Amino acid sequence: MVLAPLARSLEIHIKEPAGKEVNPYLLPGELLLCEASTVFKYVQEDGSNRGTYGKLVCTNFKVAFLGYESASDDNEPQFKNKVIGENDITLHCIDQIYGVYDEKKKCLYGQLKKYPEKLIIYSKDFRVFHFCLRCTKEEEVKRIVSGIVHHSQTPKLLKRLFLFSYASAAPNSPDAKNRTVMFDTFKDWHEELERTKGNVKYEVVSVNEGYRVSEKFGVGLAIMVLPFSKCLHFPKNRMTALYKCPNSWMDNSAHFWDTDVKWFSLLESTNWLEIIRRCLKKAIEVVEQLERQTTNVLLIEENASDLCCVISSLVQVMMDSYCRTKFGFQSLIQKEWVIGGHSFLDRSNHLRKSDKEEAPVFLLFLDCVWQLVQQYPPAFEFTETYLTVLSDSLYIPIFSTFFFNSQHQKDTIMSGESHNAQSSPLRLLTVWDWSVQFEPKAQALLNNPLYSEKPKPDKSQRKTTRFKHHRQLSLPLTQTKSSPKRGFFREETDHLIKNILGKRISKLINSSEELHSNFREFYDSWHCKPVDFHGLLLPHIEGPEIKVWTQRYLRWIPEAQLLGGGTVAITTKFLDVMEEVQKLQKQMDEEHSQTAAEDADAVPTLRNSARLSSLFPFALLQRHSLKPVLPTSTWKDLEDEEDLAKRDDEFVDLSGAD
């Protein structure tokens, strides 16, 4: 058996195509800065030379690859983002750039003396782009490489962000259907207190109007006061010395198989899942104090806007079913994170000024929420796809939601821009207007069709309803000693796992593992009862229950997908039944109506579950890798083709004789 000739016959060589003119689609305010033609983009998921030629462009908003060959209908994604294409990377989403010189990889930054023959771009949403520049003109190589490195890696001024260019050029018409509470007015806070029955113990005052008391917090968060109420000083949540762990990614399928055996041990070494478990456990401790002991809880943290945001938000998701609806969850983020003063600008390092402040705290929160979503799907109005695109929106600079450190900073910048602007004042978009990114059909995938809607209570039930949990004002804590840094990883190894870890996350919560008996009794007793999807929700926090968010971290790896399987296949079957029931109901109600007959014959958009991937909607059809689906040990045995060709075929006795 000889495999070497077969392997050589499968090898695909790069051939330069005929030139073809393609032009990028530019958003309002977007400017083309530099471009390069005849750039070869490799297929990411295998180690072959497969790929396509096209044009690589850099604008003041993104880096985009425009292929000369149009995509086939089979590969056309049904979940399209109107702002960011499949081969687009916003400048804020670019994490690291490497050049390949004589098969050696080198990180690119600053002024370049020599230009690479290959370009590798690592993005913060875990995509990896490989470009070959051998067929590109030398002058174009210099311009495109220098342009991408400069505009994505160089420190910026806040006023120079594309956010303001887009706002000044694009017409802004707010989404009338968006019912997200922004918490930027006293009215919003009054209504929130009335909704949660918090006006019994709390009151809204104008003490921080004009940011007279605190510039860190918005008007709402600084005006929540607690008169004459007993407070429990909760064991302090310490965000210890956060360290930068150099990111690395899964370059292709070969690296996936190479790390297959040690994947779980590498995952454990990052401590990421343990951090998630501790955050959920800390939130349950707070819930126990609020729910069973009816004690007010004061969260204390050094800057009061990182872990306080995580824990207080999780507590409300667990206790308040309104926060598990789409608009309720968005309002929660506005209240606890945006108005609460979380430093999105610094934590995401949007200005490229300091890696020391960068930490994926918001991603940590979304991952904790995902754990709840996958444990109790009917309790949430939104899907994991919603959480994934929300995390992606963190790096799209046309929305103001995640690009300021505080409401005060935003108001200060906007007031300065208004004075400088000759026309009407700028109106910045919020990420909650999903029509900017997705068409209605795509937006439907953000909503959970299996959501169990809360029945409307009668008047007698409304009288007895009382929410016992209230977000307290988080007070600054005196600076504590930093704990020693954990280990560093080498950039060249442990690709996927380090990416899950992200940047600068160590033990976020140094609480004691010795839980008091009341907590254990509360936790165990709740899990012994039937789940009320509109009541209190407590997550399972035992080891096997805390899982990897595969759609977020592994969606670009074909081997991590299940063709025709996973949650999407189950959901599709439910949708089939639901749609059939709706059609039958229409036929019964309008038996003689022609319109009803036409609707009954309509073909569902996404019903062939065999064509769907478990990572749908980011992977509709599985793109098969050239490497077979074999265990790593088996694949490594096949790596040396010459030795394999010399082996004698194994004889298997099929006669059944003893």
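Tutor: This is a predicted model, and in it eight strands form an open sheet with antiparallel pairing, in the order E4-E3-E2-E1-E8-E7-E5-E6.

Student: What makes strand E4 and strand E6 stand at the edges?

Tutor: Strand E4 (88-90) and strand E6 (104-107) each have a single partner strand, so one side of each is left without a neighbour in the sheet.

Student: How do you know that E7 and E8 pair?

Tutor: Two strands pair if at least two bridges are found between them; strand E7 (residues 118-123) and strand E8 (residues 128-132) have five bridges, in the antiparallel sense, and therefore they count as paired. Among the residues involved, Ile 121 has Phe 129 in E8 as its bridge partner.

Student: Why is H8 called roughly parallel to H11?

Tutor: The axes of helix H8 (residues 307-319) and helix H11 (residues 361-375) come within 10 Å and cross at roughly 20°. Angles under 35 degrees count as roughly parallel, which makes H8 roughly parallel to H11; the crossing itself is right-handed.

Student: Which residues make that contact, and how do they divide into nonpolar, polar and charged?

Tutor: H8 contributes Val 310, Ser 313, Leu 314, Val 317 and Met 318, while H11 contributes Val 361, Phe 365, Cys 368, Val 369 and Leu 372.

Technical notes: Residues numbered from 1 in each chain as written. Predicted model: local features only at pLDDT ≥ 70, side-chain atom pairs only at ≥ 80, totals over all residues. Heavy atoms only, no water. Axes fitted to C-alpha atoms, helices over the stretch in contact; angles between N-to-C directions. Helix = DSSP H or I, 4+ residues; strand = E, 2+ residues; numbered from the N terminus. Parallel < 35°, antiparallel > 145°, perpendicular 65-115°, else oblique. Left-handed = near helix turned anticlockwise from the far one by under 90°. Contact = heavy atoms within 4.5 Å.
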